[in-house]
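Subject: Handing over a structure

Dear colleague,

I am passing on the structure below, and after it you will find notes on what turned up in it. Please read them with the structure open beside you.

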Amino acid sequence: MTAHDLPHMGIPERLAARMSMAEQHEYLRAKLTRRTARRVSRRDVLAGGGIAAAGALGTAGLVVGSDRALGGGGGAGAGTAGPAGGPVLTRAPLKVDGSLVAPFGRHLAFGTDPRTRMRISWQVPFAVRSPYVRVGVRPWELDRRIGAEVRELRTPSLAEDLPEVEQFYLHAALDGLRPGTTYYYGVGHEGFDPTTAERFGTVGSFTTAPAGTDARFVFTAFGDQGVGHDALANDQVILGQNPAFHLHAGDLCYADDTGHGKESDTYDARTWDRFLAQNESVASRVPWMVTTGNHDMEAWYSPDGYGGQAARWTLPDNGPDPEKAPGVYAFTYGNTGVIALDANDVSYEIPANLGYTDGAQTRWLERTLKRLRAEKGIDFVVVFFHHCAYSTSTHASDGGVRDAWTGLFDRYRTDLVINGHNHVYERTDPVRGGEPTRKLAVGGTTDPEKDGTVYVTAGGGGKKLYDFPVPDSYEGHEGEAPESVRAFHWTEGKERDRDRVTWSRVRYTGFSFLAVESRPGARPSLNVTALAASGERIDHFTVERGR
């Protein structure tokens with residue numbers, strides 16, 4: 001966003017540091033309504049159509065949907081109706097023969113129970129009729145057919161160099177599946193049948209979670225991916241780990257490349273098309289479990305900025321408020337409970353959504369940690385979210401995250417916390433009460449009951465890298481950096497409070513991701529490995545219970 005765009009948006013510079021995400025949403029909607037009304041009025045006068053012509057355009061044109069109702073059930077054009085008097089987009093919808101429209105951007109996500117529920121999502125470039133998923137336990141017998149929900153997303157021109165964009169996202173819920181079973185699926189619509197010979201190459205597969213808690217499995221994780229060569233390269237190395245699922249700690253595609261949480265931010269909705277196409281080779285077979293970062297708040301679509309994400313993903317709906325906070329949920333896979341949080345709710349650094357759940361997310365987090373710790377067969381609890389609790393890189397640590405959540409992680413002996421936000425790899429020693437309890441060298445082992453929680457920043461998913469204030473320190477290079485690091489943390493009021501920290505154990509400036517293997521048994525362990533995009537190991541350690 002540049003200064004010359006501001007008059008186009010009609011946004012006074014003096015407001016840029018003060019508006020919440022909800023206020024930005026209201027401002028943008030009101031501004032576009034006024035701008036569109038002027039355009040419609042001028043066209044009507046020139047055409048001699050008067051009020052009647054304006055009414056016709058409101059019916060036949062592209063009316064922006066309501067704040068959260070971005071789609072409807074199962075038909076072409078679902079979600080096109082907007083509120084009376086709502087802003088009107090000027091492009092007419094395109095009608096294309098369904099046989100000429102190929103689905104793309106397939107991505108999976110677990111339902112609330114990964115043993116029996118899977119959600120399949122994809123995209124089409126134009127409206128189609130009767131979209132569906134066909135599924136079966138053999139690729140040549142896709143005998144079960146499930147209708148898909150259409151969520152239509154329309155984005156106006158938010159800056160002079162951005163076009164209006166119309167996108168169609170399709171979602172199908174698969175319930176009643178068998179645990180530990182590989183299923184094959186194909187997505188289609190009227191005119192495009194994935195079971196025909198010419199379409200059979202589009203058939204994909206997935207495997208449900210095992211019924212019990214005694215199976216080994218691997219999951220992967222990173223944040224801050226974006227779109228480009230480095231992001232794509234990381235995907236392919238991840239696929240080589242054969243993960244059961246992947247955790248994405250926010251800042252997904254960078255359609256909003258500014259991420260300041262201000263109304264001067266703009267976003268190019270077309271970037272989402274490239275992002276989903278880029279990830280399809282992995283996300284079409286590995287559930288891609290995401291949460292929200294600061295670059296994922298897009299004020300146009302809803303007061304909290306998450307309407308765009310809600311249109312593109314179907315995530316577990318067991319959080320404190322699935323409609324209001326779609327990136328907050330929990331699921332269990334084997335012996336591991338996983339919790340996804342939205343750190344925008346507590347961030348002091350980027351406060352556009354600070355407090356938007358009014359404490360409901362933090363109360364839900366405590367209930368969920370308590371439940372998982374009491375649940376038979378659950379050995380480990382892993383939490384992931386965007387803003388860093390502990391990091392020394394560019395954005396450093398967010399005091400809001402520390403104030404709201406790290407005390408709960410201490411109380412319930414959380415095993416591993418995964419963050420993004422800083423575009424590097426950094427790993428702490430075990431921390432309790434804000435201080436390291438012992439040194440955890442590369443290759444070491446820690447017990448969260450005795451030692452505290454290890455925090456990992458895995459923000460090297462593909463976006464341009466950051467750096468550290470001291471040299472890197474990773475496997476094979478441990479002796480090249482000091483034991484203490486000058487850093488800071490954000491305080492309430494968006495101020496920086498300087499620190500000198502000793503918990504920063506491993507630092508790596510490069511594209512990377514986590515691969516975590518869960519090993520159940522009498523002495524269960526999480527074997528955590530950090531891999532560079534080249535496949536080179538840069539860190540590894542073990543979280544072990546019952547030592």
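H421 counts as buried, at 2% relative accessibility, where buried means under 20% relative accessible area, exposed over 50% and partly exposed in between, taken with a 1.4 Å probe and protein chains only. H421 lies in the loop between β19 (416-419) and β20 (425-428), and its phi is near 75°, a positive value in a residue other than glycine. Most residues other than glycine have a negative phi. N242 also has a positive phi, near 50°, without being glycine, and its place is in the loop between α4 (229-239) and β13 (245-248). N242 is exposed, however, with a relative accessible area of 64%.

Please keep in mind that this is a predicted model, in which local features need pLDDT of at least 70 and side-chain atom pairs count only at pLDDT 80 or more, while totals for chains, interfaces and linings use all residues. Residues are numbered from 1 along each chain as its sequence is written, and side-chain values use heavy atoms, with hydrogens and water left out.

As for the chain as a whole, its secondary structure comes to 9 helices and 30 strands, these being DSSP runs numbered from the N terminus (helices H or I of at least four residues, strands E of at least two). Of the 547 residues in the chain, 58% are buried. If one takes the contacts (heavy atoms within 4.5 Å) between residues at least 6 apart in sequence, 72% of them join residues at least 24 apart. The accessible surface comes to about 20600 Å², of which 49% belongs to carbon and sulfur atoms, by the Shrake-Rupley method with a 1.4 Å probe.

Helix α7 (residues 360-374) and helix α8 (residues 399-411) pack at an angle of about 10°, with their axes 10 Å apart, the axes being lines fitted to C-alpha atoms over the stretch in contact and the angles running from 0 to 180 degrees between N-to-C directions. The two helices, α7 and α8, are therefore roughly parallel to each other, a term that covers angles under 35 degrees. In this contact Q361, T362, L365, E366 and L369 of α7 meet A404, W405, L408, F409 and R411 of α8.

Finally, the count of disulfides (pairs of cysteine sulfur atoms within 2.5 Å) comes to 0. C253 is buried at 2% relative accessibility, and C388 is buried with a relative accessible area of 1%.

Technical notes
Angles under 35 degrees count as roughly parallel, over 145 as roughly antiparallel, 65 to 115 as roughly perpendicular and the rest as oblique.
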